[in-house]
Amino acid sequence: MARRIAVIGAGAAGLMAAGRAAELGADVVLLEKMNEAGKKILVSGKSRCNITNAAPLDQFLSHYGRNGRFLMNAFHRFFRDELLELLARYGVNTQTERGGRIFPISSQASDVRDALLRYGTEYGVDVRYRSEVREIAVENGDVKGVQLANASRVSAGAVILATGGASWPDTGSTGQGYLMAQSLGHTIRPLRPALVPLTVTERSIAKALQGISLRNVRCTFWTENAKGKVRELRMPTPMPDTGEMLFTHFGVSGPLILTASGAVVETLRKGQPVTLSIDLKPGMSEEAVHNRLQREFEAHSHQRLRTLLQGWVPASLADVLADLSGLEDDRHVHRIRVEEREKIVALIKNFRWTISGSLPLAAGMVTAGGVALNEVDPVSFASRKVTGLYLVGEVLDLAADTGGFNLQAAFSSGYLAGSDAALARAGRQ
Ligand SMILES: Cc1cc2nc3c(=O)[nH]c(=O)nc-3n(C[C@H](O)[C@H](O)[C@H](O)COP(=O)(O)OP(=O)(O)OC[C@H]3O[C@@H](n4cnc5c(N)ncnc54)[C@H](O)[C@@H]3O)c2cc1C
């Protein structure tokens, strides 16, 4: 009888693992609980699917923070070029955009999903939808198959667990994989949202600014240790010097905020406070802001502060800054004293917010935490606890910045697990 591999989850990692194992001649059954494959691929990159990134390898790895080293081996075997070549074989040609982000030329995430499905079906993968796996069957430390929610059983000599994280559960990733891995003796590092919008204590101010998107601002996060010593929050992954952010009715979001959110959530989890300082004019020193304000106050002496600030920032932000300065009654700017001007400079250069938390796990673009990496072989993605079990994609304790890094990790880990399962399982059922 042909050796059989069961892959749990038809997301980025599972589709790749199934295709690769079948390409090497394995009998592969791909079990997906939803009624279609790759629902998360379909929403990725605003439905354009940011497949990977053009950054050189060392820079690429830095986007995974501390755990990036784990992927080094995998990326030496199957990385961006191999991925793009494979996708091109199935009709997906790509283009590189700002920040090295690589997208399909068609701008259709569905093209990526369909290409991966074709890869599998061409080699005979048996794709079964509405097939929710409840349990991985193991006897004497050896995988025997899987148990489905409908009580049927699929026997297999190897199981590739590709169930994703616990974010965006409507796409099917509801965190069941963590429970399955844990029940087999794997350690699950604490789950937390990453690439997630942050909430602030100053809700009413955020609400007044809701929908405003700011470009070319600098965001700096600060924390305080138990002794009250304030320090800038160190980011595990590179943070752009300036970029884009936006206000929401509950707080802050946008690329700069999402990039920092993993470290912020982690710091709050340790019970340390976090504040955000927004520099609205990072290209100008405090002194330059001061001098320009002075010149404008003189040139437009009968203007009100909020009107004058509209030359600096969007109108509703100008209103909020004028209110927060506490200087605007019915005064015209010529009556604002020099020392009072300092308050306005501080708001422009150091617009402060207290971070109270984040949106929940379900709202994060990725789930940080997951299966402990020291329990997984970094070349084959085989479990070090159970023979015949593989763990790939977001179920692992890996989370990266936006930019195509999360999908590349899913694709690379899936490919290598598929290869190893097919070769190592030769001769087994
Ligand atoms: C809105 C959004 C946009 C994103 N954009 C990008 C982007 O542009 N670039 C990027 O690199 N990353 C992006 N990401 C992150 C990236 O999509 C994920 O990290 C990646 O898809 C993870 O792949 P995976 O295969 O591990 O898991 P998933 O893609 O989540 O797939 C897991 C699959 O397993 C199935 N499943 C779960 N449990 C079971 C079970 N018990 N039985 C059977 N099947 C099961 C699920 O239904 C699902 O199909 C984005 C994420 C979100 C939410």
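## A guided tour from the fold to the ligand

Among contacts in the protein (heavy atoms within 4.5 Å) between residues at least 6 apart in sequence, 74% join residues at least 24 apart. The model is predicted, so local features need pLDDT of at least 70 and side-chain atom pairs count only at pLDDT 80 or more, while totals for chains, interfaces and linings use all residues. Residues are numbered from 1 along each chain as its sequence is written, and side-chain values use heavy atoms, with hydrogens and water left out.

**The whole protein.** Begin with the C-alpha trace, which spans about 90 × 45 × 40 Å along its principal axes. Switch to a cartoon to see 14 helices and 20 strands, which are DSSP runs numbered from the N terminus (helices H or I, at least four residues; strands E, at least two). Of the 429 residues, 54% are buried, where buried means under 20% relative accessible area with a 1.4 Å probe, counting protein chains only.

**The nonpolar cores.** Next, select Ile-136 and Phe-381, which touch the most other members of the largest nonpolar core, a set of 86 residues. A nonpolar core here is a set of buried Ala, Val, Leu, Ile, Met, Phe, Trp, Tyr and Cys residues joined through side-chain atoms within 4.5 Å. The largest share of this core, 10 residues, comes from H14. Stay on Phe-381 and display its partners, among them Phe-70, Leu-71, Val-392, Leu-416 and Ala-417, in a list that does not count residues up to four places away in sequence. Apart from this core lies another, of 47 residues, and selecting Val-265, Leu-305, Leu-317 and Leu-327 will show some of its members.

Now move to the ligand, which 35 residues surround, the closest being Ala-13, Glu-32, Ser-173, Glu-394 and Leu-407; a residue counts as near if one of its heavy atoms lies within 4 Å. By class, this shell has 15 nonpolar, 15 polar and five charged residues. Colour helix H1 (12-23), helix H2 (39-47), helix H7 (176-183) and helix H14 (405-424), each of which supplies at least two residues of the shell.

Finally, show the N and O atoms, since a polar contact is a pair of them within 3.5 Å. A polar side-chain atom of Glu-32 lies 2.6 Å from an oxygen atom of the ligand, and a polar side-chain atom of Ser-173 lies 2.8 Å from a ligand oxygen atom. At Ala-12, by contrast, a backbone N or O atom lies 3.1 Å from an oxygen atom of the ligand. Taken alone the ligand exposes 1,000 Å², and the protein buries 96% of that, with areas from the Shrake-Rupley method and a 1.4 Å probe.

Note on methods: A polar contact is a pair of N or O atoms within 3.5 Å; within protein, one must be able to donate a hydrogen and the other to accept it, and residues adjacent in sequence count only if both atoms are side-chain atoms. Ala, Val, Leu, Ile, Met, Phe, Trp, Tyr, Cys and Pro count as nonpolar, Asp, Glu, Lys and Arg as charged, and the others, Gly among them, as polar. Buried means under 20% relative accessible area, exposed over 50%, partly exposed in between (1.4 Å probe, protein chains only).
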